[in-house]
Amino acid sequence: MKTVKDKNKYLNFISSLESKVFNKVDLTGFLSVNTLNEREQYIAEELYKKDILQKITQGEQVGYKIYPQKTKL
């Protein structure tokens, strides 16, 4: 289990499988839907529905980004 912030800055628990996809998006900055397998696409879409990932279009590619996890003081 891991906690991450959603777009409204609330903490949410995510499972280890969701955490793997979240970390993959976090490390790359932008993760295209075309690079994900079917299982990862499903998990990423569920994280998008929970407002943990952003679905954006970059050029002609659709992919995911994370919401900022750190806040400025």
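Let me start at the hairpin, where strands E1 and E2 are separated by five residues, and Lys9, which sits in the turn, has a positive phi of about 70°. Please keep in mind throughout that this is a predicted model. E1 covers residues 2-5 and E2 covers residues 11-14; the two run antiparallel and are joined by four bridges.

Now the overall layout. The protein has two helices and five strands, and along the sequence they come in the pattern β-β-α-β-α-β-β. The radius of gyration is 12 Å, close to the 11 Å that the globule rule gives for 73 residues, so the protein is as compact as a globular protein of that length. Along the principal axes, the C-alpha atoms fill a box of roughly 35 × 25 × 20 Å.

Next, the other strands. E3, E5 and E4 form an open sheet in the order E3-E5-E4, with antiparallel pairing. Which strands stand at the edges? They are E3, residues 31-32, and E4, residues 53-58; each has a single partner strand, so one side of each is left without a neighbour in the sheet. E4 and E5 run antiparallel and are joined by six bridges.

H2 packs on it, touching E4 and E5, and its direction makes about 110° with that of E4. H1 lies across E3, E4 and E5, and runs at about 100° to E5.

The largest nonpolar core has 14 residues, and the ones that touch the most other members are Phe22, Leu47 and Leu53. The elements giving two or more residues to this core are H1, residues 16-28, H2, residues 38-49, and E5, residues 61-66.

What is Leu53 in contact with, leaving aside its neighbours within four places in sequence? The list is Phe22, Val25, Ala44, Leu47, Tyr48, Tyr64, Lys65, Ile66 and Tyr67.

One more residue, Ser19, which is in helix H1. Is Ser19 buried or exposed? Its relative accessible area is 11%, and the cut-off for buried is under 20%, so Ser19 counts as buried. Not counting residues up to four places away in sequence, Ser19 touches Lys2 and Ile14. Lys2 falls within the residue range of E1, and Ile14 within that of E2.

To finish, some totals for the whole protein. Of its 73 residues, 30% count as buried. The protein exposes about 5,200 Å², and carbon and sulfur atoms supply 51% of that area. Among contacts with a separation of 6 or more, 47% are between residues 24 or more positions apart.

That is all I have on this one.

How values were computed:
Residues are numbered from 1 along each chain as its sequence is written. This is a predicted model: local features need pLDDT of at least 70, side-chain atom pairs count only at pLDDT 80 or more; totals for chains, interfaces and linings use all residues. Side-chain values use heavy atoms; hydrogens and water are left out. Two strands pair if DSSP finds at least two bridges between them. A nonpolar core is a set of buried Ala, Val, Leu, Ile, Met, Phe, Trp, Tyr and Cys residues joined through side-chain atoms within 4.5 Å. Buried means under 20% relative accessible area, exposed over 50%, partly exposed in between (1.4 Å probe, protein chains only). Contact means heavy atoms within 4.5 Å. Axes are lines fitted to C-alpha atoms, for helices over the stretch in contact, and angles run from 0 to 180 degrees between N-to-C directions. The radius of gyration is taken over C-alpha atoms; the globule rule is 2.2 Å times the number of residues to the power 0.38. Accessible areas come from the Shrake-Rupley method with a 1.4 Å probe; for residues, only the protein chains shown count as cover.
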